[in-house]
Amino acid sequence: MKILVLNGSPKREKSDTIHITRAFLDGMNEATKQETHIIDVADKHIEFCSGCFTCMHNGGTCRYDDDMRGILQEILESDVLLLSFPLYCFGMPAMLKALIERTLPLASMAMRKVGDRYEHVEQKDFSRLRYVIICGCGFPNGRQNFEPAVATFERMFPNHRTIITMPESPMFNAPEAKAVTEPRLELVRQAGKQYAESGAIDGKLLEEIGSPMIPEEQYVKIVNGNCEQKGNDRR
Ligand SMILES: Cc1cc2nc3c(=O)[nH]c(=O)nc-3n(C[C@H](O)[C@H](O)[C@H](O)COP(=O)(O)O)c2cc1C
């Protein structure tokens, strides 16, 4: 399969979340060899959508001739679009949101009703695309934290969508936390393998992946201890 990964962390390859994504891709590759391309969104020139709607009337050409043209082409040629990003203000980082908004040329202005909701009629064929969302975050708990982002992606990709959320993600960049991060990444590898083999991930496994790696109180104590340490260093 052709997998296009959009890394929406401004930290690029130093991202906490990309550790989870790499483990997922490793699992997919274990099942079958995949063709993967990772794009660091931070390195791309992507204008904000101007809201002119021209692209929705002209067969899908945006007024801006920037990096989005190539990205749209790659999206159309991919089987899986994997969004890897940290939770920012309960949603996705602005640069990734800007990119998603610029996928407007894929749809026309015409609307249709699907159940209780409306959607735009596509003007490019991306029907074979499946979506994987991998989102890390800094708080120790996903509750009252991930829900707005999850709801956004449930609306945005009503079909063929898999969402992985992971609290305590900064631990993936802490070598001293390996004893707990390695087993968690192993679960993510299993999820990637399952996804490649069946197109879905067992609900129980997803739940386990999304649970805190260490008790919330312990995580908060470590983070707060680091803050004090850094405060002392500055004095
Ligand atoms: C601007 C900003 C907003 C953030 N908002 C949230 C948030 O709403 N909830 C949360 O748990 N963590 C939040 N975080 C923490 C990041 O999600 C966390 O540090 C994550 O591990 C960073 O992942 P990355 O290294 O992949 O970029 C925020 C961080 C930044 C810089």
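Leaving aside neighbours within four places in sequence, Leu-81 is in contact with Leu-4, Ile-75, Leu-129 and Tyr-131, where contact means that the C-beta atoms of two residues, placed from the backbone, lie within 7 Å. Leu-81 belongs to strand 3; helices (H or I, at least four residues) and strands (E, at least two) are DSSP runs, numbered from the N terminus. The structure is a predicted model, in which local features need pLDDT of at least 70, side-chain atom pairs count only at pLDDT 80 or more, and totals for chains, interfaces and linings use all residues. Residues are numbered from 1 along each chain as its sequence is written.

Leu-81 is buried, with 22 other C-beta atoms within 10 Å. Here a residue is buried if 20 or more other C-beta atoms lie within 10 Å of its own, exposed if 12 or fewer, and partly exposed in between, with C-beta atoms placed from the backbone. Along the chain, Leu-81 and Lys-2 are 79 residues apart, and their C-alpha atoms are separated by 8.8 Å.

Pro-175 is 88 residues from Leu-87 in sequence, and the C-alpha to C-alpha distance between Leu-87 and Pro-175 is 22 Å.

Arg-12, in the loop between strand 1 (2-7) and helix 1, has a phi near 50 degrees, a positive value in a residue other than glycine. Arg-12 is partly exposed, with 13 other C-beta atoms within 10 Å. Gln-144, also not a glycine, has a positive phi of about 55 degrees and is found in the loop between strand 6 (130-136) and helix 4 (147-156). With 9 other C-beta atoms within 10 Å, Gln-144 is exposed.

Two packed helices are described by the angle between their axes and the distance between the axes. The axes of helix 1 (residues 17-31) and helix 5 (residues 178-198) come within 6 Å and cross at roughly 45 degrees. Axes are lines fitted to C-alpha atoms, for helices over the stretch in contact, and angles run from 0 to 180 degrees between N-to-C directions. Helix 1 and helix 5 are therefore oblique to each other, given that angles under 35 degrees count as roughly parallel, over 145 as roughly antiparallel, 65 to 115 as roughly perpendicular and the rest as oblique. Among the residues that meet are His-19, Ile-20 and Phe-24 in helix 1 and Leu-185, Val-188 and Tyr-195 in helix 5. The residues of this contact divide into 11 nonpolar, 4 polar and 5 charged. Elsewhere in helix 5 is Ala-179, which counts as exposed with 9 C-beta neighbours inside 10 Å.

Note on methods:
Ala, Val, Leu, Ile, Met, Phe, Trp, Tyr, Cys and Pro count as nonpolar, Asp, Glu, Lys and Arg as charged, and the others, Gly among them, as polar.
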